Structure formats: C-alpha cells, structure tokens
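Me: I have a structure open and would like to go through its details with you. Could we take it one topic at a time?

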Amino acid sequence: MKTFFADARLIDPEAGTEARGGLLVEDGAIVAVLPEAAVVPAADRVVDCGGRCLAPGIVDIGVKIGEPGERHKESFRTGGLAAAAGGVTTMVTRPDTIPPIDDPETLEFAFRRARESSPVRVLPMAALTKAREGREMVEMGLLKDAGAVAFTDGVRPVRNTRLLQRALIYSVGIDALVIFHPQEPGLSEGAAATSGPFASKLGLPSAPLLAEKLQLARDLAMLEMTGARGHADQISTAAALPLLAAAKAQGLKVTAGANVHHLTLNEYDIADYRTFFRITPPLRPEEDRVALVQAVADGLIDVIGSFHTPQDEESKRLPFEEAAPGAVGLETLLPAALQMVHSGMVSLPRLFACLALNPSKLLGLPGGRLAEGAPADLVLFDPDAPFVLDRYTLRSKSKNTPFDQRRMQGRVLGTWVGGGQVFAREQG
Amino acid sequence: MRHLLGIEGLSQGQITDILDLAEQYVSRNRQPDKHVGGLAGRTMINMFFENSTRTQASFEIAGKRLGADVLNMSMATSSVKKGETLIDTALTLNAMHPDLLVVRHQNSGAVALLAEKVNCAVINAGDGRHEHPTQALLDALTIRRRKGRLHRLTVAICGDIAHSRVARSNILLLGKMENRVRLVGPRTLMPTGVDKFGVEVFEDMREGLEGADVVMMLRLQKERMDGGFIPSEREYFHRWGLDAEKLGYAKDEAIVMHPGPMNRGVEIDGEIADDINRSVIQEQVEMGVAVRMAVLDLLSRPTHNGRESLLA
C-alpha cells in the first residue's frame, strides 16, 4: 500500500533544509521525497498535511518505563501512548528498573513486554555493571546480541576507574556504545539544587556547577585512554562545554546530550519548593541554560531528550529534598523544545538533528531522515499551535510534568511508525 | 497575614507591628496573672517533627497564656515513623479543626508545603536550613529593647551560617530593618553565594567583631564537628569561639546573643554567656514567649474578609 503525504513542510535534518513538498511511503519505508512542483504520484491513500511540518519521528534516548518493577508509574503501553502523542517514534529505555536490566533474560522480558504493548518502537539499553553497583561489568556481548543498544548505569557513575577502564576497553572490542552521566558523585549525592545564592536562600542541599565539568573531564580522559565510544547523557552547565568542544576537536569518539528541561527551565522555576521541578541533575542558573541552547544551535550538543521519568503522586508530595527526582517528558518534549525555535535561537532542521537524526546515527539506526529507504517514522506537527498544558490530560500514567498550566506552542497532529499511524490528534 | 512561614514575606511595617504588640505581652508576662483570654476556645497544635524542648515549650506557654487549648504532638515518635506522609498527617490533623498549627520540620520548605494543605493558620517553627521566623523576631525585640532601636546597627552573626535557619531569618529581618549585617565563620560553614545576600563576610573573627553593636553566636551542631566541616572542636573554639579577648573588638556596650542551646567552650566561653552585663541570652528566651504570643494573637484575629488579620 502506498501512502502519499501531500502538501507538507518537510523538515530534513540531514540536508538542514525545510521545504514544501510531499512524501511517498510504501511498505513502511519512504520511497520518494517530492518537491512541491512535482506530479502527485498514484497512491492508495493521501494524507493532506495542510502545509504543516512533517519531520522524522523523534528518537528519545533515556526514557524510563516502570517495567519491570514499577508498572504503577509507567507501563510500556502508557509510555508508548504518551510517546506516540508526543511524536516520539522510538523510545530508548533506561535500565534503571527494579530489577535493573543487567542480563539477557531481563532484557528479553522488556523486549517482549514492549512488543506486546507499545505502539512505538522500543530499544532498551542495558546496565554497564551488574545491578548498577559499579563492581562487575555485565555480559556486554550477550546483551548486545540480544538487542541492547547502549550500556549505562544511568545517574550512578562508575566510581571505580579501574573497572570502568576495563569495561570501556571491552566495549571497544564489541563496538558497544557506553553512556555516562558526568556528575561527580561525591559532590552530587543528595543534591536537590545547584549551589548558589538561590539554593542557599531556600536552604536546599546542593551540588556545585563544576561537579559536571569535574566528572566530564574524568570521563573524557577515560575515553581517550581506551578509545571507547561514549555519549554524555546530559550536559547542563556552561563550564562543561569548552571541555566537550576540545574533546571533539581532538577526535575523541564522544557525543553529548541535553535534557529538554535544562534547555527550557532554570533554577528559579523551583520557586517555593515545587517538587515537579526536582530533576537530576538539578535545574541550573539562566546563564547556563542560555549557553546550553547556544551549544545546541552550534552543534556541540548532539542529542536532545526528555529523560522521561515517571513518578507517582506519593513520590512527589513530599518536602523538596525528600521528593523523588525526575519529570515526565514524552508528550511535552517537542512543544518544550520548540521554545528554542520560537525564540529564534535554533532552526527546525537543527532541532530535528538533535531529536531524530543524531540519536539514530548514534545508535546505528536507519531512521531520523527524510530520505528514500529510511523507515517511515514520521511526525506531523503544527509548530505554532498554542495550548495550555493540563497535566491530567497526559497519557502517561504519571503526571509529574513541570509544564503543568504552562502556555506552550507546538502540537503534534499525527505520528506514524513504519508507515502505520499510531497517533492522530482529535480536532478541536 | 494568614500564616507566618518566614521573614521573607514580611514588610518593615509588619515586623514593627509584631514587635510593638509583643512589647505589650512582655509587661503582661511579668505580672502574677499572666492570663489573657484572647484565644479562648481556639485549638493550637504543636507539630514538632524535629525534637526541640525550648521552642516547643515557648510556643506552648504562649498559647496557654492566651487561653488556647494546646496540644503537643511529638511527631518523631508518631505515625510519621510508620510511613505516613507529611501531607496525610496534615490532612488528618486538619480534619480536627485546629485554629493554629505550629510546625517544625527537618526539611526546607516542608512547613510551606503543609500550609498549602490545611485551612488554619500555620506558623513555621523552623524548617530545615530555610527559616525560623519567630527566632528572628524575638532576637529583633531583644535588640530593640537593649539598643533602643532596630536600625543602623552593626550585627555580627558568627558560626555555622550554612546550616542555620536562624541565620537566614536574621539576615532577612536585619536587612529589612536597615542594619549592617556581618557574617563571621569558617568558609566551610558559609553558604554558597552568600556574597549576594547583602552582607559582609569575614573569616577572621576579630575583624568581623570590630565595632559591632550586637554579637550573635550560632550553635555548632555536634555532627559538624567530626572533621567534615572543621578540623576539631578545640580548633573551632580557638578561631571562632567567643571569649573576652575577641569580644573586646566589639563596641564596649555590645550585647551577646545566642539562640540556644549553647555549647559552652565550643562556640562561646561560659563566662561570656553568663556575664549579665553583656549576655542577653536569658532575655531572648523571655522575649520568645512574648513574640510568639503576638504572632498567635495576630494570626487569630478575624477581620471583615475571613482570616486576614490587621497585619496583612
């Protein structure tokens, strides 16, 4: 069956362009990209995009699904529905489940549950060390063959550098991607805010900004030492950026991500201890946010993710420092990220390089492009449509969004995975 | 004013109003019949998630002298230990229709969180490292009575500023009333970004006390003395303990304050603490009851629009 997406504003992150045109899809893949003037091809079905934006589906690295262990917070079904509604066509899930995904059997469970219930693609990551305890490396080869796309201990950096060195060397042998969390653990432990006048005024336990630069320096040296391929999960401070730039210039195999919340919110949003704004790493001063957005525009930051972290009401209805960190983000990733486009700092193709193309390349996936042969994972959206977010309308099982009652701009109208529609926004 | 959650939300005028009213209670408290019936029939609950004999007793006496029915809940041994959340505890108590809740909690912001969930007046009796407004008010009243004014004074706050809610509330209050505030202590016990607080910071205690009108000492918690923040108790006393020699740098008529309980020989020399010419530590305790009576009184006054008191 052939589907033609007519009259679209095609966002092509690979060419760095946006242009009117159409897209012909057959058997789950893009078979032709047609300019506006071209003859309309014969198709079984035509989707009239009405001049709205059509872009490659978002590949969100670092999504937490509560399976196994915390299905009451998020299941593959609810997470998948939220992803579809947010234009996320691939969820790259975290291994920090209960128990953690650190052996092929648990990984297989996640795959099976995902296949049964998620409307979007799911690619699980596995832990780097057993039980994420930083003592022994996982069966990296078996896990990779079983489908683990990357290895990470999440927000727990491996403190034992000798073990980390070996794990990285081993990862080179099997060409595995290691994702690290550049926050120095000694300084970051228990931190609910970023050290500075604001955190001091609120009396919150905090970690210094430089805890990131410090750990990033270690991690980059480890990559240099071992030749491993590494990705920094979240860069959030201005001070870390020159280090990252130098490492890239030096030719290290390193890429870096940013959390959309660090790109759109700052520490003052915590205001009077609003626990939905407690995330890891904590929100930063405005100067850091601006520097980070600039790094997205400059291409220094490769990937933007939601770091979707569902928490139930009980985990958040607590004093700030006791509240569980994290925010849901699958459904708000695109409208939040579009804030950078509306402010004129980042172009749409550049944004989709960070949301779709680069994460695909990083994981060796064929998607993230609007090109012949690429899978028809697509998102249709109106970048300008305004709305006020009501957290109770989220499809996610947990409603812990920092954007509740916020005015946002940009709505997903439809989402396709492998040519099949998985989401269509109700009109009105 | 619906709640008293911190000094931050108070204006200069409100602070003066509270102190003026407290002043009246000071004289009242010195008479044999201390009973004032203003809060008869009202229920006041003390919820102390962190143990405190002194502050709790001060609030209890204040409430009782105003005629309120006072209930003390020792939260450290109650259902909170059984896993009940702060909010559920608040909702449970709220259903019993208290008029005043006095809350101390170990986490910053916890009292404000609780205040959102109940429909009675909430008084912050100390939340984490954030604020302890009644302490700052009683300190202000003590200073005003001793110095005859509460402006254009040089006040040195000494010791563990980083972990102190007393320091934060005092910095705010003394700043609002247009005083010079100096912070004195080891750098490990100074909050980050303290230079943005509108204060002067001194490492050297003698420099910090030079010409001060008021020397306010803070308690150094035992758990900070283990080498994590300062090398040892005796080194701390050597550099930042208040003794006669260091006090000599302050003005001759400078007063010495301490929120209690004191560690004699750690942050303050016993002789200074007991010197009736310099130390106003006992007077602070007395002012504490009067200030708390004033706060309870003001928060309980109904006006034409619901709970808004004369202060708001």
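Predicted model: local features only at pLDDT ≥ 70, side-chain atom pairs only at ≥ 80, totals over all residues.

Me: What does B:Glu283 form a salt bridge with?
Reply: Its partner is B:Arg146, and the closest N and O atoms are 2.9 Å apart. The pair links distant parts of the chain: B:Arg146 belongs to helix α5 (residues 133–147) of chain B and B:Glu283 to helix α11 (residues 281–300) of chain B, 137 residues apart.

Me: And B:Arg146, is that buried or partly exposed?
Reply: B:Arg146 is partly exposed, with a relative accessible area of 37%. The cut-off for buried is under 20%, so B:Glu283 at 15% falls on the buried side.

Me: Which residues are linked with these two in a network of salt bridges?
Reply: The network consists of B:Asp20, B:Glu23, B:Arg144, B:Arg145, B:Arg146 and B:Glu283.

Me: How many salt bridges does a search of the whole structure find?
Reply: Over all chains, the search finds 41 salt bridges. Among them is the one between the side chains of B:Glu245 and B:Arg206, at 2.9 Å from N to O. That pair also links distant parts of the chain, with B:Glu245 in helix α9 (residues 244–247) of chain B and B:Arg206 in helix α7 (residues 205–209) of chain B, 39 residues apart.

Me: What is the relative accessible area of B:Glu245, and what is that of B:Arg206?
Reply: B:Glu245 has 41% and is partly exposed. B:Arg206 is partly exposed as well, with 29%.

Me: What about chain A: which side chain does A:Arg218 meet in a salt bridge?
Reply: The side chain of A:Arg218 meets that of A:Asp219, with an N to O distance of 3.2 Å. Both A:Arg218 and A:Asp219 are buried.

Me: Changing topic to the interface. How many residues does the contact take from each chain?
Reply: Chain A contributes 17 residues and chain B contributes 20 residues. About 1500 Å² of area is buried between chain A and chain B, and carbon and sulfur atoms give 55% of it.

Me: How many salt bridges are counted between chain A and chain B?
Reply: The count is 1. B:Glu8 forms a salt bridge with A:Lys201, and their closest N and O atoms are 3.3 Å apart. On the side of chain A that touches chain B, helix α6 (residues 197–202) of chain A gives the most, with 4 residues. By class, that side of chain A has 8 nonpolar, 4 polar and 5 charged residues.

Me: How many residue pairs are in polar contact across the interface?
Reply: The rule finds 8 residue pairs, with both residues at pLDDT 80 or more.

Me: Is α6(B) mostly covered or mostly open?
Reply: α6(B) is mostly covered, with 9 of its 12 residues buried. The buried residues include B:Arg165, B:Arg168, B:Ile171 and B:Leu174.

Me: Finally, where are cis peptide bonds found?
Reply: One joins A:Glu67 and A:Pro68, with omega about 0°, and A:Pro68 is in the loop between β6 (58–63) and α1 (76–85) of chain A. Another runs from A:Thr280 to A:Pro281, with omega near -15°. A:Pro281 is in the loop between α9 (260–264) and α10 (286–298) of chain A.

Methods: Residues numbered from 1 in each chain as written. Chains lettered and ligands numbered in written order. Heavy atoms only, no water. Buried < 20%, exposed > 50% of the residue type's maximum accessible area, 1.4 Å probe, protein only. Helix = DSSP H or I, 4+ residues; strand = E, 2+ residues; numbered from the N terminus. Contact = heavy atoms within 4.5 Å. Buried area = accessible area lost by both parts, 1.4 Å probe. Salt bridge = Lys/Arg side-chain N within 4 Å of Asp/Glu carboxyl O. Polar contact = N/O pair within 3.5 Å; in protein donor to acceptor, adjacent residues only side chain to side chain. Nonpolar A, V, L, I, M, F, W, Y, C, P; charged D, E, K, R; others polar.
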